[in-house]
Amino acid sequence: MRRILATDFGIWPSIRDVESISNIMIHSKDSWSSLANYILLYDQLVIPTGNFQILSVLKIMLGEDILYELINNNVIVLARYDKWFSYSGSNIASGQGSGLRFYQYAPNTDTLLSGYFKSLDEALNIGVSYSNLKNHKGLSNAILDKAIPVTKNLKMIDFREETYRDILDSPYFKDFLSIRNRGVSLNKLNGIKKNSIKIYNPHTSNDDSKSAEIWSVLRAAFENFLLTIAIDSEVNEIRGDNYTLASFNAKGQRLGASIEGEKAFIQIQEISGVPNIGHAFATKNFSATQLLDLRESKHSQNFRNWFSSNNTENSSEIVQQYVANINKPSLINKLPIKLLRFATTLGISSLEPISGAITSSIDSFILDKISSKNAPKLFLEQAKTMQLKSKEKKVEAYKPKNSGRDRNRLCSCGSEKKFKKCCGA
């Protein structure tokens, strides 16, 4: 199973303007596009969360019913952490520096900020309440059942030592820290007042030049925190952006660099003449229902299997493999289905009469073999057909019931066939 940790959908603790972070993501076309690509490219999308604030974003992007279905079917999984870190100044009484440490905030209040530090069910209640979900009970139960607790076993002393070791092993950071902090313990860096703390948020600018070294420590800590979540949630890829996995990129490469995969997917669509699906979703020209129909279509899983089978994380190499795949069809792909079936059944008939069951199994074998070889091409053709038909028919988004989608409904691709006999076949 191909699983990705989408760090770019993590909404991290912030003392100020907590709600504004959700609004920024909702109005970001890049976020919409990435979400669509993740749903199509990966078997499972793992989103790190502390207070479940991301639910309000996903509800607007996908609609409540589609969100419920994706969570209930383990397509979207929430990896829940219950701690966060800061850099603390020296204690006035003892004079000792605290350095990097975990902290708590307002444990007796029910706010989005306090949700980061509460139990799973308490934090979920706050997040669901903030998201104003209609089917809050059904979705809450699904999340409680499917959520992955992470960072449970992360101890402060180990976390601090790992981060400090990474810094001291980096020539760049050692030189940078030595400019104003030569010989100073990493627990007592300059640039912070006594009995005060600095909290790191990767999606806000920390341009305090007097505390640049402290922000560097917090940045290194954040990346180790992400790696801990990735390991605990057992993903095989991690998505970084301009804010994440930058300073310690080489260390992050242990888990892949899926941003290259997303680039390759966009380039492959362009080569195949397929309108960019992520862009169409971001501009409201492709609905969440259509996105899910495409994910569940007959060639979708074969495409994901092909994509994950590539032994490279370089986008240009993935594209080259795709071009080679469509330009060099195997012998079986050159033969018409009817001719191939005739040749196969003729050989078997010399041993025993052809029965319906045998013929059917041969068909399945042949189709499966052709589908696996042609997976990228067939999936992209299906994606193109769905977009063109829906544009012609002006298909409106279908909102399924929370209890499950009606397979007898008309398919959202615009074919006017039932879903179960079209994209859901």
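Which residue in S6 does Ala79 stand opposite? Select Ala79 and Ile148 together, for Ala79 stands opposite Ile148 in S6, where helices (H or I, at least four residues) and strands (E, at least two) are DSSP runs numbered from the N terminus.

This is a predicted model, in which local features need pLDDT of at least 70 and side-chain atom pairs count only at pLDDT 80 or more, while totals for chains, interfaces and linings use all residues. Residues are numbered from 1 along each chain as its sequence is written, and side-chain values use heavy atoms, with hydrogens and water left out.

Next, select strand S3 (residues 76-80), of which 5 of 5 residues are buried, meaning under 20% relative accessible area with a 1.4 Å probe and protein chains only. Ile76, Leu78 and Arg80 cover one side of S3, and Val77 and Ala79 the other. S3 pairs in the parallel sense with strand S2 (residues 44-49) over 5 bridges, pairing being assigned if DSSP finds at least two bridges between two strands; here Leu78 is the bridge partner of Ile47.

Then select Leu55, which, leaving aside neighbours within four places in sequence, is in contact (heavy atoms within 4.5 Å) with residues including Leu67, Leu78 and Ile143.

Finally, colour the chain by pLDDT, the predictor's confidence in each residue from 0 to 100. The protein chain averages 77, with the highest confidence in S3, at 96, and the lowest in helix H17 (residues 337-349), at a mean of 41. Over residues 243-250 the pLDDT is below 50, although this stretch has 26 contacts in the model beyond near neighbours in sequence.

Terms used: Buried means under 20% relative accessible area, exposed over 50%, partly exposed in between (1.4 Å probe, protein chains only).
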